[in-house]
Amino acid sequence: MEEETRTNDLARVLSGLRDYTVLDASETSDGLVVEVIASRLDAPCPVCKKVSDRVKSYRTSIVIDSHSHGRRCRLLVRRRAFRCVTAGCERKSFTEATSEVPYRARVTTRCRDQIGRAGRDRPTASVAAEFDVSWPTACKAIKTQAERVVSQRSKTPPRRLGIDETRFWWKVPWLTGLVDLDTGELVEVIE
Ligand SMILES: [Zn+2]
């Protein structure tokens, strides 16, 4: 029993997933496949928010995760479908979701964030190939990350403004970049 607990703890540390228990792991020619299940045995209904532990069924989905120890990694997520316990609730049943693997996600949140960061200074196609996701998926993750960075920027106007020419690709014309000289932050790019 003590040995089993130790193995479970070790698997949790290696996976880096807070909300899941590792059930199994195997190596394939395409990388690592880690089978996981949510550690919590119940989940709140997305409509009425009442917590239910009445499992209706299980379904399995493949979710692309961040690389693990130099290998591509996929999660085989065993998702529970619960029956809602509130009489008259419009959702008779619902599938569990976590912040790490949201509802219907094909890519884990941490992997999506990583794709978004990688796309800041690299072509989208190269990032998509590295993480083995489609171009639209990579593009969406990069856009989300960029919007987050922009929304977190200081709203105070720059005290000193720098102007520079910049070009992102040789086929497009030169653009004018406006830079905050105190923070070094790119404020705006205009034609
Ligand atoms: Zn409900």
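At what angle do helix 2 and helix 4 pack, and how far apart are their axes? In this predicted model, in which local features require a pLDDT of at least 70, side-chain atom pairs count only at pLDDT 80 or more, and totals for chains, interfaces and linings use all residues, the two helices pack at an angle of about 80° with their axes 7 Å apart. Residues are numbered from 1 along each chain as its sequence is written. The axes are lines fitted to C-alpha atoms, for helices over the stretch in contact, and the angles run from 0 to 180 degrees between N-to-C directions. Helix 2 is therefore roughly perpendicular to helix 4, a term applied to angles of 65 to 115 degrees, whereas angles under 35 degrees count as roughly parallel, those over 145 as roughly antiparallel and the rest as oblique.

The contact is formed by Arg112, Asp113, Ile115, Gly116 and Arg117 on the side of helix 2 and by Ala138, Ala141, Ile142, Thr144 and Gln145 on the side of helix 4, where two residues are in contact if their C-beta atoms, placed from the backbone, lie within 7 Å. By class, the residues of this contact comprise four nonpolar, three polar and three charged; Ala, Val, Leu, Ile, Met, Phe, Trp, Tyr, Cys and Pro count as nonpolar, Asp, Glu, Lys and Arg as charged, and the others, Gly among them, as polar. Within helix 2 (residues 109–118), the buried residues are Cys111, Arg112, Gln114, Ile115 and Gly116, a residue being buried if 20 or more other C-beta atoms lie within 10 Å of its own, exposed if 12 or fewer, and partly exposed in between, with C-beta atoms placed from the backbone. The cover over these buried residues includes strand 5 (55–68), helix 3 and helix 4.

Helix 4 also meets helix 3, and here the axes come within 9 Å and cross at roughly 110°. Helix 3 is thus likewise roughly perpendicular to helix 4. Thr124, Ala125, Val127, Ala128 and Phe131 of helix 3 meet Trp135, Ala138, Cys139 and Ile142 of helix 4, and the residues of this contact divide into eight nonpolar, one polar and no charged. The loop between helix 3 (124–131) and helix 4 (135–151) holds Asp132, which has a positive phi of about 60° although it is not a glycine. Asp132 is partly exposed, because 15 other C-beta atoms lie within 10 Å.

Along the principal axes, the C-alpha atoms fill a box of roughly 65 × 45 × 30 Å, and buried residues make up 20% of the 191 residues. Of the contacts in the chain with a separation of 6 or more, 42% are between residues 24 or more positions apart. The domain assignment, whose bounds come from an automatic or database source, gives domain 1 (1–105), domain 2 (107–152) and domain 3 (155–191), and the centres of domain 2 and domain 3, taken over C-alpha atoms, are separated by 22 Å.

Several individual residues complete the description. Lys49, in the loop between strand 3 (43–44) and strand 4 (51–52), has a positive phi near 70° in a residue other than glycine, and Lys49 is exposed, with 9 other C-beta atoms within 10 Å. Ser68, placed in strand 5, is partly exposed, having 16 C-beta neighbours inside 10 Å. Not counting residues up to four places away in sequence, Ser68 touches Leu32 and Cys73; Ser68 and Gly31, which are 37 residues apart in sequence, are 8.9 Å apart in space, C-alpha to C-alpha. Glu165, in strand 8 (residues 161–166), counts as exposed with 9 C-beta neighbours inside 10 Å. Leaving aside neighbours within four places in sequence, Glu165 is in contact with Trp174 and Thr176, while the C-alpha atoms of Glu165 and Leu181, 16 residues apart along the chain, are separated by 15 Å.

Note on methods. Helices (H or I, at least four residues) and strands (E, at least two) are DSSP runs, numbered from the N terminus.
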